[in-house]
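The exercises below are meant to be worked through with the sequence and the 3D structure in view.

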Amino acid sequence: DGTLTVLGLETSCDETAAAVVRGRPGARGAVLSNWVHGQAELHGAFGGVVPEIAARAHAERADTAIARALAGAGLGAADLDAVAVTAGPGLIGGVISGVMAAEGFSRGAGLPLVAVNHLEGHALTPRLTDAVAFPYLLLLVSGGHCQLLAVQGLGRYRRLGGTIDDAPGEAFDKVAKLLGLGFPGGPEVERWAAKGDPARFAFPRPLLDRPGCDMSFSGLKTAVARAVMRLAEAQGGLWRRDIADLCAGFQAAAAEILAAKTARAVAAMGARPSALAVAGGVAANSELRAGLERVAAEAGLALVAPPLKLCTDNGAMIAWAGIERLAAGLADAPARPRPRWPLD
Ligand code: KG4
Ligand code: ZN
């Protein structure tokens, strides 16, 4: 009946991840295993991902990830139809580690290898989890990405807008670093924001008054840095109250920018989307989710937010993109690692 079983490998940022997914386009897929080995403990001291450290860790762990994904699914290589691997965009050292491991495994097992664009993996996740029909609107927000995409069909993506500088997750991470909070910063900032007053600091909403769907977060981050400096000068340091209020003010501004631009993208889509979907690590943020719920409700659309394990980087989204590409006969791109690979 066209059902395919694919192993997906993802190594483009700081998670070494492999998963086995079974399914066919048009119906929900079954995630048979989803192994993720994060590297937060390797990069935490640096407050951000260090590419050389990431590449070495991926090279060391990729084979284990593949073995764990197969064992978790209770399958062997002979049960697979193909291997899918992230070929970009991302940190090139990590991408190369993953492509080499996937190539070795697929050759040894005599399986076809499908090169997958990491962003396409995120973009198609709502079809894996909820069988969302084309076209739909996707807000992709992570530590490295921020874009509003009209997902019109497989391989047919129109970028309606996105950040012109930092990605929102990056801004969350930088604000956390500034305030001496842990890494990754998003969950820390959200935890502190829950105890804070979002109205105490009037942080800017850059580009909000401009037409179009582009966004900017670097001025917002700088405004937080300036407020921290002023407080340090005035009182010699930050009180817990200050940290909570700074986090609340920053989070409110970031969520408002994202929600407002998403509302605009609904109008800019042209065709009526079947749903509003969100993906990427920042989709975990509950204030952002609440803002998007409002946008979706006003437009009469359902908000599709995949479970967190499938929103952040994972192998299942790569396996699913492989399934969609194989089923459509679009799986013949060479697995050439590339640091940049725009979807449109
Ligand atoms: O998608 P992801 O796991 O990795 C990529 O960047 O591709 O996203 C990680 C980002 C980090 O910047 C992290 O701080 C952010 O997602 N993040 C959050 C939250 N949880 C994770 N940002 C805001 N609120 C959260 N609850
Ligand atoms: Zn990602």
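**Exercise 1. Which residues of the largest nonpolar core touch the most other members?**

Before starting, note that this is a predicted model, in which local features need pLDDT of at least 70 and side-chain atom pairs count only at pLDDT 80 or more, while totals for chains, interfaces and linings use all residues. Residues are numbered from 1 along each chain as its sequence is written, and chains are lettered from A and ligands numbered from 1 in the order in which they are written.

Step 1. A nonpolar core is a set of buried Ala, Val, Leu, Ile, Met, Phe, Trp, Tyr and Cys residues joined through C-beta atoms within 7 Å. A residue is buried if 20 or more other C-beta atoms lie within 10 Å of its own, exposed if 12 or fewer, and partly exposed in between, with C-beta atoms placed from the backbone.

Step 2. The largest core holds 116 residues, and the members that touch the most others are L7, V21, V85 and A319. Helix 8 (residues 240-268) gives this core its largest share, 15 residues, and at least three residues come from each of domain 1 (4-131 + 309-328) and domain 2 (136-304). Helices (H or I, at least four residues) and strands (E, at least two) are DSSP runs numbered from the N terminus, and the domain bounds come from an automatic or database domain assignment.

Step 3. Two residues are in contact if their C-beta atoms, placed from the backbone, lie within 7 Å. Not counting residues up to four places away in sequence, A319 touches V6, L7, G8, A19, V20, V21 and A84.

**Exercise 2. Describe how domain 1 meets domain 2.**

Step 1. The C-alpha centres of the two domains lie 27 Å apart, and their contact takes 16 residues from domain 1 and 22 residues from domain 2.

Step 2. On the domain 1 side, helix 1 (40-43), helix 4 (118-130) and helix 11 (316-328) each supply at least two residues, with the largest share, 6 residues, coming from helix 4.

**Exercise 3. At what angle do helix 4 and helix 11 pack?**

Step 1. The angle is about 80°, and the axes are 8 Å apart; axes are lines fitted to C-alpha atoms, for helices over the stretch in contact, and angles run from 0 to 180 degrees between N-to-C directions.

Step 2. Angles under 35 degrees count as roughly parallel, over 145 as roughly antiparallel, 65 to 115 as roughly perpendicular and the rest as oblique, and helix 4 and helix 11 are therefore roughly perpendicular to each other.

**Exercise 4. What covers the buried residues of helix 6?**

Step 1. In helix 6 (residues 185-193), 7 of the 9 residues are buried, namely G185, G186, E188, V189, E190, W192 and A193.

Step 2. The cover includes helix 5, helix 8 and helix 9 (286-299). From helix 5, G169, F172, D173, V175, A176 and K177 meet G185, G186, E188 and V189 in helix 6.

**Exercise 5. Is A167 buried or exposed?**

Step 1. A167 lies in the loop between strand 8 (156-162) and helix 5.

Step 2. A167 has 23 other C-beta atoms within 10 Å, which means that this residue is buried. Leaving out residues up to four places away in sequence, A167 touches S142, G143, G144, H145 and C146.
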